[in-house]
Amino acid sequence: MAPLFLSVAQLQRTFCPLSTRSSHLPGSQARTVPCNRQCSPISRQQVTVRAAAEVVTNGSEDMTSNGTSGLAQDRLAGASRATKAVHGGERAGRPRVSDSLTTPIVQTATYTFQDTAELIAYQEGRYGSYEYGRYGNPTTRACEEKIRELEGAEDCLVSSSGMNAATTMLLALVPAGGHIVTTTDCYRRTRQFIQTVLPKMGITATVIDPADMGALEAALKEHDVSLFFSESPTNPYMRCVDVPRIKELCAAHGAVVVVDSTFATPINQQAIALGADLVIHSATKYLAGHNDVLAGAIAGTSELVGAVRAMHNVLGGTIDPHASYLLLRGMKTLDLRVQRQNETAMVIATRLEAHPLVTRVHYPGLASHPDHAIAVSQMSGYGGVVSFEIDGDLWRTAKFIDAVRLPYIAPSLGGVESLIEQPTIISYWDQGAEKRAEVGIKDNLVRFSCGIESADDIWADFQQAFDKI
């Protein structure tokens, strides 16, 4: 019986660019050609000259306002209005965008070729373009390049959501019958995928405490581990994993190390420099930063990102070009926003820890956090999310959340607006008390995501809410 999943090498042979193959195969495949690739020997300029030569003129060329030759407009001479509605103003050439300060939105689902020679040049890697929107887009590629540089990675893939990035990565890199090591504290949907979907493919998992390196060593010895996957910091208790130590242990067994760095961002933590092979982001959060985009990103070695890209090209999950534009715009202020959120979160966490109605605060910047030493060694800032436990039950905690006026009661995090939630209700209400207890979700737990508002305003709001409970 054939395996359910292909190996990385098989995926690359099956789905990688024709230009990287040693043999000549028919058909058109996905590729990782960047949008700024050299286009020699065939170029749009040559094509324009060739087209212009076909038109009889009386003298010098007339140039349209978009900087292209108006000669090709004669192709529509005598055409009906219906045909001109489709091709008018566009068939002669596209606007020149190289002088634009902002990266333009390339809103297209497919890409054209002037003739067969140009198409063959593309298939052989000599003409830098894209073939179909699922395989790439210049606006999206600009996002990928920015994240790649921020993370110090060899390559990056941007997709439609953080979950899409995570699930596509797991499907691409873990073979049928493979084994994963992951951590107890994590995003619910990631846990759900690992525990309910992957087992259908014979993939099993060992779940360890983020600090239990002995359990990791045991799992590596007992199983043929394909991949270690953890958030750092984790959701919602802000646990931090020792990335260099994990890499040391996993490398000896050939296991890939993947770190979800959504809460940290590349501003606060350089997971690849610490030893991770891949780093994942829900770019919806801090990278985009304005609560108006769904996006995911995965960065790391060319080989591993290439394998994930190959699977992504098959499964879909393509980000829309306009969402890519918003993500690109959001990242321009990433450093400013994260620095502000770091400062605000530390102020709020410190004050919460001293408040009589708070029994515990979960923030890696505090000395009381179990992974504070790891955070200090790996992070330059501790992020904008603070989780804390109210001295009371579910309903007293809900009363506090209902009393705040500044934060929105909403899921997600990392945007310019402060958000607050009670994980029991917003994420785990359907699980029941017993199942929530199994995964460590307490009824009195609050997760607060700092926006960029004044820390004093946020604290004043918290104080008036505490006064009401």
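Which residues form one aromatic cluster with Phe388? Phe400, Phe448, Trp459, Phe462 and Phe466 form that cluster together with Phe388. The views below come from a predicted model, in which local features need pLDDT of at least 70 and side-chain atom pairs count only at pLDDT 80 or more, while totals for chains, interfaces and linings use all residues. Residues are numbered from 1 along each chain as its sequence is written, and side-chain values use heavy atoms, with hydrogens and water left out.

**Figure 1. Overview of the protein chain.** The chain has 19 helices and 12 strands; these are DSSP runs numbered from the N terminus, with helices being H or I of at least four residues and strands E of at least two. Of the 469 residues, 52% are buried. Buried means under 20% relative accessible area, exposed over 50%, and partly exposed in between (1.4 Å probe, protein chains only). The accessible surface comes to about 21200 Å², and 53% of this surface belongs to carbon and sulfur atoms. Areas were computed by the Shrake-Rupley method with a 1.4 Å probe, and for residues only the protein chains shown count as cover. Among contacts (heavy atoms within 4.5 Å) between residues at least 6 apart in sequence, 72% join residues at least 24 apart.

**Figure 2. Aromatic pairs around Phe388.** The structure holds 11 aromatic pairs. Rings of Phe, Tyr and Trp (its six-membered ring) pair if their centres lie within 6.5 Å; planes under 30 degrees apart count as stacked, over 60 as edge-to-face and the rest as tilted. Phe388 and Phe400 make an edge-to-face pair, 6.0 Å centre to centre with 85° between the planes. This pair links distant parts of the chain, with Phe388 in strand 9 and Phe400 in helix 16 (residues 394–403), 12 residues apart. Both Phe388 and Phe400 are buried. Phe388 and Phe462 make a tilted pair, with 6.0 Å between centres and 45° between planes. Phe388 lies in strand 9 and Phe462 in helix 19, so this pair ties together parts 74 residues apart in sequence. The relative accessible area is 0% for Phe388, and Phe462 is likewise buried, at 0%.

**Figure 3. Nonpolar cores.** A nonpolar core is a set of buried Ala, Val, Leu, Ile, Met, Phe, Trp, Tyr and Cys residues joined through side-chain atoms within 4.5 Å. The largest one has 47 residues, and those with the most contacts inside it are Val158, Leu216, Phe228, Ile246, Cys250 and Leu327. Helix 13 (residues 321–331) gives the most to this core, namely five residues. Leaving aside residues up to four places away in sequence, Leu327 touches Cys143, Val158, Ala283, Leu287, Ala288, Val293 and Ala295. A second, separate core of 32 residues includes Ile374, Phe448, Ile458 and Ile469. In soluble globular proteins, nonpolar side chains tend to be buried together.

**Figure 4. Helix 14 and its packing partners.** Helix 14 (residues 334–353) has 20 residues and reaches 28 Å from its first C-alpha to its last, close to the 28 Å expected at 1.5 Å a residue. The expected span is 1.5 Å times one less than the number of residues. Among its buried residues are Leu334, Arg337, Gln341, Asn342 and Leu352. The buried residues of helix 14 pack against helix 5 (138–151), helix 10 (265–268), helix 13, strand 8 (358–362), strand 9 (385–390) and helix 19 (455–467).

**Figure 5. Met238 in a loop.** Met238 sits in the loop between strand 4 (225–231) and helix 9 (243–251), and is buried, with a relative accessible area of 1%. Not counting residues up to four places away in sequence, Met238 touches Asp185, Pro233, Phe263, His362, Tyr363, Pro364, His369, Val385 and Ser387. Met238 and Ser387 are 149 residues apart in sequence and 7.8 Å apart in space, C-alpha to C-alpha.

**Figure 6. Arg188 and helix 7.** Arg188 is in helix 7 (residues 188–197) and is buried, at 13% relative accessible area. Beyond residues up to four places away in sequence, Arg188 touches Ser427, Tyr428, Asp430 and Gln431. Helix 7 also has Thr190, Arg191, Phe193 and Ile194 buried. Its buried residues pack against helix 6 (162–173), strand 2 (179–183), strand 3 (204–208) and strand 4.

**Figure 7. Cysteines without disulfides.** A search of the whole structure finds zero disulfides, a disulfide being a pair of cysteine sulfur atoms within 2.5 Å. Cys156 is buried at 1% relative accessibility, and Cys240 is buried with a relative accessible area of 1%.
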